[in-house]
Amino acid sequence: MSIQNIASFIDHTILNPDAGSADVQRICAEAVKYSFKSVCVNPIWVSTVSAALSGSDVLTCSVIGFPFGATPTASKVFEATTVVNDGANEVDMVINIAAAKAGDKEALVADITEVAQAVHAGGAILKVIIETALLTDEQKVLACLASVEAGADFVKTSTGFAGGGATLADVALMRSTVGPDMGVKASGGVRSLETAQAMIDAGATRLGSSSGVAIVEGEQGAAGY
């Protein structure tokens, strides 16, 4: 796969809490230069990113219920509506991880469905972060099936803040669970061209990384968010 094609898979990400305006503007400039798929930021930066990317093909992405997912559904819905109104084209939500660990599919479906409806009402798409590092394979499958049932557009491996990121095994498991049509996003630890290509080969259709520039330049990215 060409470097340009790899770039089109990447959500160029900056989610560290101490990132400032200059950092966010730099990420946006890099995304436009390399034609990344989106820039993914915390909610406070969505309007800034949307304005910076205006006129480009790069999308604006934000996270909600981040990074723990342990907020009421109504709070996630409010947050999702806010970021979409601020210009987000894509929303990455964290599931109720406790519900997944308890095997409570009904709670997962209810939580994701309300957020999906709010996101879709604003013309955006929803990615569901299942936080694979904290779940067994059985729980991962449950979370993926709940995401499908709830009408999400993607399932995503990780926040990057839970002590583990994407693995090839998890991406392959998620792809086999959701089937060929739903998006699968590998996020957390994707820092090289070799890893990026391997994740795509395993079934990922999107890559979340703060090392997008290093990936497309064939270098090794540093750890970070």
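1. In this note a residue is called buried if its relative accessible area is under 20%, exposed if over 50% and partly exposed in between, with a 1.4 Å probe and protein chains only. By that definition S35, with a relative accessible area of 35%, is partly exposed. The model is a predicted one, in which local features need pLDDT of at least 70 and side-chain atom pairs count only at pLDDT 80 or more, while totals for chains, interfaces and linings use all residues. Residues are numbered from 1 along each chain as its sequence is written, and side-chain values use heavy atoms, with hydrogens and water left out.

2. As to the overall build, the protein has ten helices and eight strands, where helices (H or I, at least four residues) and strands (E, at least two) are DSSP runs numbered from the N terminus. The radius of gyration is 16 Å, close to the 17 Å that the globule rule gives for 225 residues, so the protein is as compact as a globular protein of that length; the radius is taken over C-alpha atoms, and the rule is 2.2 Å times the number of residues to the power 0.38. Along the principal axes, the C-alpha atoms fill a box of roughly 45 × 35 × 30 Å.

3. Of the 225 residues in the protein, 53% are buried. The protein exposes about 9000 Å², and carbon and sulfur atoms supply 53% of that area, as computed by the Shrake-Rupley method with a 1.4 Å probe. Taking contact to mean heavy atoms within 4.5 Å, one finds that 67% of the contacts between residues at least 6 apart in sequence join residues at least 24 apart.

4. The structure holds two aromatic pairs, a pair being rings of Phe, Tyr or Trp (its six-membered ring) with centres within 6.5 Å, where planes under 30 degrees apart count as stacked, over 60 as edge-to-face and the rest as tilted. The rings of Y34 and F36 have centres 5.7 Å apart and planes at 25°, so this pair is stacked, and both Y34 and F36 are buried. The pair of F66 and F161 is edge-to-face, with 5.5 Å from centre to centre and 85° between the planes. This second pair links distant parts of the chain, 95 residues apart, with F66 in the loop between β3 (59–64) and α4 (73–85) and F161 in the loop between β6 (154–156) and α8 (168–178). F161 counts as partly exposed, at 32% relative accessibility.

5. A charge also sits over a ring, which is taken to hold if NZ of Lys or CZ of Arg is within 6 Å of the ring centre and within 35 degrees of the ring normal. Here K127 lies over the face of F154, at 5.9 Å from the ring centre.

6. Some backbone geometry deserves a careful look. Most residues other than glycine have a negative phi, and most peptide bonds are trans. The peptide bond from F66 to P67 is cis, with omega near 0°, and P67 lies in the loop between β3 and α4.

7. What does the side chain of T132 make a polar contact with? The partner is the side chain of D170, at 3.4 Å, a polar contact being a pair of N or O atoms within 3.5 Å, of which, within protein, one must be able to donate a hydrogen and the other to accept it, while residues adjacent in sequence count only if both atoms are side-chain atoms. T132 lies in the loop between β5 and α7 and is buried, with a relative accessible area of 2%. Not counting residues up to four places away in sequence, T132 touches K140, T157, S158, G165, D170 and M174.

8. T157, in the loop between β6 and α8, is buried with a relative accessible area of 0%. A polar atom of the T157 side chain lies 2.9 Å from the backbone nitrogen of S187. Leaving aside neighbours within four places in sequence, the contacts of T157 include E131, T132, M174 and S187.
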